[in-house]
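Here is a short briefing to read alongside the sequence and the 3D view. Take a moment to look around before you start on the points below.

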Amino acid sequence: MRRRMTTGVTFIAAAIMLIAAHDALAQGQGRGRGAPAGPPPTARAAAPKDLTGYWVSIVTEHWHLRMLVPPKGDYSMLPLNGEARKIADSWDLAKAKAEPDQCKAYGPPALMRTPGRLNIHWTDDNTLQLDTDSGTQTRVFKFGAPAPAGQPAQLQGYSAASWESTANRGRGPIPKGTGQLRVRTTNMSGGYLRRNGVPYSDSATVDEYFDTFTEPNGDTWLVVTSITTDPRYLTQPYTSTVPFKKIPDRQGWDPTPCKADEAR
Amino acid sequence: MRLLIWIPVAFALAVIAAGERAQAQAPQASASKAAWPPKLEEPAPGEVEILPVRGNVHVIIGAGGNVTVQVGEQGILLVDTGTAAMSEKVWAAVQKIAPPRKVLRYIINTDEDPEHTGGNAVIAAKGQTVPLREANYTAGPQGTINYNRASVVSHQNVLNRMSAPTGEKSPTPPAAWPDNTYAIDQKRFYFNDEPVVMMNFPGNTDGNTVVFFRKSDVISTGDLIDLTRYPVIDRKAGGSIQAIVASLNKLIDLCVPESHGAGGTLVIPGHGRIADHAEVAYYRDMTYIIRDRVQDMIEKGMTLPQIKAARPTRDYDGRYGSTTGQWTTEKFVDAVYDSLRK
């Protein structure tokens, strides 16, 4: 009995030493407390996956909701409350076309579902920029910088970005080829969750996960999962997932202005 | 005019990715402008439009119900004939699709609705049945066969509802009746170099037929799918919401998507645009969700007026709902309730 306990204690001690050694290795790579002097790696250097380049929407489902302006009152699959339904039911395409602001359907809760192309690129070592040709919108993902206080709300809001492990590791750098980009967007000015006047409010937040994978045939895909939370208009978070396919260059890049009556 | 979003399949599916559309249009920007945005309205009243679907199969839109046309070496086959008033327009469109001197051999009726069978009498008379017997043969149970008419094929229940016993007045004239029926799960023949499989998928009635062109990989569903409104449920003719859900599930099993749930098998609905696997699944989901909501309300003891007031269809009304016309949202809820109550 005593011998068995001794064996167990030895095993636990060995496990602790292994974990400590792993931490020391991670710290040696500049990730943990007590790391050697020097700046932490930039977001660009720490990127476990390369999201940069040109991507094109692949509309494989709900194209009648994405490729066309849905009819008034089509808010199927959206967890709206009564107030939101009332607003959606009062939407009028003719009035929407006449409004000076044509970009209400191009905010973060809806922009990724809008068919078109993306260009993702680094503007500095800690800032990733996402441009869309549909609506000619720009989203800025800031790494390691909290949202500045007192800023006025904007259509694209403020997007705080981080690399996130998909393996639940919790320690050390994220191995190359794994992980995903997480973006949390706040301070948005409100707009349309669906192009036919379904609203989201200025209290909404969007949590997004950008992940990539490559098929055996060489096609590389970007999958964007968006979770919109809106205490004013949604009864529960609304989740959607849209795929993009990587394309070699900017051929076909076709910047268009925002349009209330066109689904791009 | 009812807004009907329909898109030529060559556009809708070949360019499922908007970006691929953009990519395709880049070298010829001016040409692309004509392709986008797509046409959103049905043909003007009294006019029809022909859309190629795939392989031997086309569809004529604007004649009431959609009319599917399969043409080939052996002749012409139609699925449904549209309304009586549009018969000549439909026949003119068929002649544009078919090569010269090809003969109309078969008409398949998906149900007995006048929007699908109204043109039977006029259009069947344009064709000829394949003469398998001598012209004066009368010994068989069918007696003399009129070969100077295309054969009209349907489920037996469709004939039963279009006709009447001898001496009684029938809902439709004998010239419009099917002359070739089936009463089992399916009827098949090989025509124009492809298998044509007719399957009894009860839904709107107990006599619905779905037609599968196996080589072209196109399915003509009749009113089992109606992308312009909620599915019509004829309770007196054996239709029910349960049957619609069950048959839509079977239809999904027949559809094979090309990639990521979309494309692949093409589906011609009874009304509305050409669809695919994803579209059928969305329509099935709608019927499922509304069925479950009404069922739940019934189980809670709610009356029909209370169920209507609760608007179980609310989030789909913008796309499928109607307060006017022959098939309103209220009638649909009545039929769903009646289906589930018993």
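Buried residues make up 36% of the 264 residues in chain A; a residue is buried if 20 or more other C-beta atoms, placed from the backbone, lie within 10 Å of its own. This is a predicted model, in which local features need pLDDT of at least 70, side-chain atom pairs count only at pLDDT 80 or more, and totals for chains, interfaces and linings use all residues. Residues are numbered from 1 along each chain as its sequence is written, while chains are lettered from A and ligands numbered from 1 in the order in which they are written.

**Chain A**
- Chain A has six helices and 11 strands, which are DSSP runs numbered from the N terminus (helices: H or I, at least four residues; strands: E, at least two).

**Nonpolar cores**
- A nonpolar core is a set of buried Ala, Val, Leu, Ile, Met, Phe, Trp, Tyr and Cys residues joined through C-beta atoms within 7 Å.
- The largest one has 73 residues, and V211(B) is among those with the most contacts inside it.
- A second, separate core has 51 residues, including A46(A) and M67(A).

**The sheet in chain B**
- Seven strands of chain B form an open sheet with mixed pairing, in the order β1-β2-β3-β4-β5-β6-β7; two strands pair if DSSP finds at least two bridges between them.
- At the edges lie β1 (49-54) and β7 (180-182) of chain B, each pairing on one side only.
- Strands β4 (residues 75-79) and β5 (residues 104-108) of chain B run parallel and are joined by four bridges.
- Within this pair, V79(B) stands opposite I108(B).

Note on methods. A residue is buried if 20 or more other C-beta atoms lie within 10 Å of its own, exposed if 12 or fewer, and partly exposed in between; C-beta atoms are placed from the backbone.
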